[in-house]
Amino acid sequence: MAAVVKSTPYSKTESYVDNKRKDDIRMANINAARSVADAVRTSLGPKGMDKMISTASGEVIITNDGATILNKMEVLQPAAKFLVELSKSQDIVAGDGTTTVVVIAGALLKQCQTLLSSGVHPTVISEALHKVALKSVDVLTAMSVPIELSDRESLIKSASTSLNSKVVSQYSSLLAPLAVDAVLNVVDPIKPDLVDLRDVKVVKKLGGTVDDTELVKGLVFDKKVSHASGGLTRVENAKIGVIQFQISPPKTDIEQSIVVSDYTQMDRILKEERNYILGMIKKIKGTGCNVLLIQKSILRDAVTDLSLHYLAKAKILVVKDVERDEIEFITKTLNCLPIANIEHFRAEKLGFADLVEEVSLGDRKIVKITGIKEMGRTTTVLVRGSNQLVLDEAERSLHDALCVVRCLVNKKFLIAGGGAPEIELSRQLGAWAKVLQGMEGYCVKSFAEALEVIPYTLAENAGLNPIVIVTELRNRHAQGEINAGINVRKGQITNILEENVVQPLLVSTSAISLATECVRMILKIDDIVTVR
């Protein structure tokens with residue numbers, strides 16, 4: 001008789017783990033993030049579409065800058081917010097490639113979805129992604145071409161490549177050299193690798209067209225001169241004082257009312273006020289100062305009619321309501337010190353300029369200060385536009401162009417545009433995947449395919465046949481033409497470096513690094529806990 005084998009009782013709870021919820025949450029996160037990426041995908045490249053954003057307050061914005069579009073979108077899903085933050089990070093690091101970075105992240109997430117559904121563990125995918133990012137930076141660096149800051153032509157080429165995908169692309173021949181000159185003006189020889197874009201002030205003024213945009217070596221104020229009748233509107237050999245106090249009668253510190261019972265007291269108050277103001281103006285005039293820039297005050301009027309009258313008599317030009325946050329820029333430019341109290345008003349704290357004048361622009365007026373002695377390393381760009389939408393977009397485009405030149409100052413390498421680096425990356429990573437062992441090689445191969453999304457989207461947005469174009473690109477790169485890319489103007493594949501479509505290396509490397517980092521973060525999340 002056969003022996004009865006006593007089996008251990010099968011416990012359901014020990015072996016069964018509910019992974020369904022974790023997978024669902026991961027998939028929901030990936031889908032949400034991908035939908036954000038798809039929203040901006042159509043605005044990639046020089047032939048990309050523009051988006052019209054209508055805000056709750058009724059404001060309308062027309063742009064195809066990825067960071068601006070995502071910034072204005074109200075994204076509620078937590079994982080989708082990562083992609084909004086991702087484009088902000090790219091905007092801070094490189095200033096350009098904000099759409100590219102989101103599209104790459106979307107394509108990587110799509111491949112992650114396929115790998116996850118094939119049963120690959122998220123940690124394995126994440127590790128492979130990390131290796132891909134490091135390898136990609138090496139490949140891109142090997143492809144890049146070193147440049148010198150003295151090579152102005154190359155800098156202009158990369159700035160105009162950035163501008164060509166914007167709404168104001170027809171003005172790229174004007175704005176690109178302007179951006180290059182603005183950045184080169186503020187580069188400090190002591191710290192040649194650092195550029196602070198706060199030293200480039202962009203002043204927007206309605207009227208005219210973008211063609212009238214100019215670079216001003218000096219200061220521009222978007223306001224007119226404050227003057228009573230007969231006040232000055234032009235001063236040569238100006239001695240400029242930046243003051244943070246008011247030239248008006250003092251008020252009581254707390255809410256108090258002063259009761260005046262007869263006329264003699266009233267006359268005395270008025271006389272005292274006059275003497276107080278006259279005393280201040282005599283001190284100012286005594287230092288030789290003939291131009292005053294007065295900081296905006298919320299407590300009391302910066303100047304009164306009476307003080308304007310005396311200032312006009314003393315032949316002093318006044319610009320009032322200077323914003324508090326502009327004071328630092330102004331004092332740096334004029335190489336002077338802000339004066340907080342009339343007692344500290346001394347000649348050594350003044351700035352010097354050849355000319356301060358009020359200029360008419362259409363029906364508005366601005367104040368220009370030019371020929372500043374020992375001017376600080378700053379520059380001002382006066383942007384013009386026929387309407388507010390064009391003006392705002394011109395400012396955003398100029399900011400991107402300035403950032404591109406800043407990238408080249410930080411990291412002096414150029415790389416081809418037009419989808420060339422992505423296809424080359426895809427080819428080299430595909431070859432590298434064959435050398436790797438096991439699951440890792442399989443993951444790397446998937447990510448290599450994902451990078452083809454950039455040339456594919458460029459071709460699609462330009463109305464070309466993406467499959468034919470991308471296949472042809474692969475062929476060219478396999479034959480060793482590493483700079484072959486999509487020329488969307490001619491609708492064919494050409495050597496992109498010869499066509500002057502170039503971008504800073506920093507834009508491409510930070511796009512890959514930031515996108516992979518973001519995707520890894522989304523992959524590692526397996527649950528969302530809401531805390532009330």
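## The largest pocket

Helix α7 is the biggest contributor to the lining of the largest pocket, giving four residues. Helices here are DSSP runs of H or I with at least four residues, strands are E runs of at least two, and both are numbered from the N terminus. This is a predicted model, in which local features need pLDDT of at least 70 and side-chain atom pairs count only at pLDDT 80 or more, while totals for chains, interfaces and linings use all residues. Residues are numbered from 1 along each chain as its sequence is written, and side-chain values use heavy atoms, with hydrogens and water left out.

How much space lies in the largest pocket? About 700 Å³. In total, 42 residues line the largest pocket, and Gly 45, Pro 46, Thr 161, Ser 165 and Gln 503 lie nearest its centre. A pocket is an open set of points on a 1 Å grid over the protein atoms alone, where a 1.4 Å probe fits, with protein on both sides within 12 Å along at least five of seven lines; lining residues have an atom within 4 Å of a point. Grid points are joined across faces, edges and corners, and the volume is the space filled by probe spheres set on the points.

By class, this lining has 15 nonpolar, 21 polar and six charged residues. Nonpolar covers Ala, Val, Leu, Ile, Met, Phe, Trp, Tyr, Cys and Pro; charged covers Asp, Glu, Lys and Arg; the others, Gly among them, are polar.

## The second largest pocket

The second largest pocket holds about 570 Å³ of space. Its lining has 26 residues, and Asp 91, Glu 395, Arg 396, His 399 and Asp 400 are the closest to its centre. Helix α12 supplies the largest share, 10 residues. The lining divides into 12 nonpolar, three polar and 11 charged residues.

## Two partners for α13

Let's turn to helix packing. Helix α13 (residues 420–435) and helix α14 (residues 438–450) pack at about 165°, with their axes 8 Å apart. Axes are lines fitted to C-alpha atoms, for helices over the stretch in contact, and angles run from 0 to 180 degrees between N-to-C directions. So α13 is roughly antiparallel to α14 (under 35 degrees is roughly parallel, over 145 roughly antiparallel, 65 to 115 roughly perpendicular, and the rest oblique).

The axes of α13 and helix α6 (residues 122–143) come within 10 Å and cross at roughly 125°. Therefore α6 is oblique to α13.
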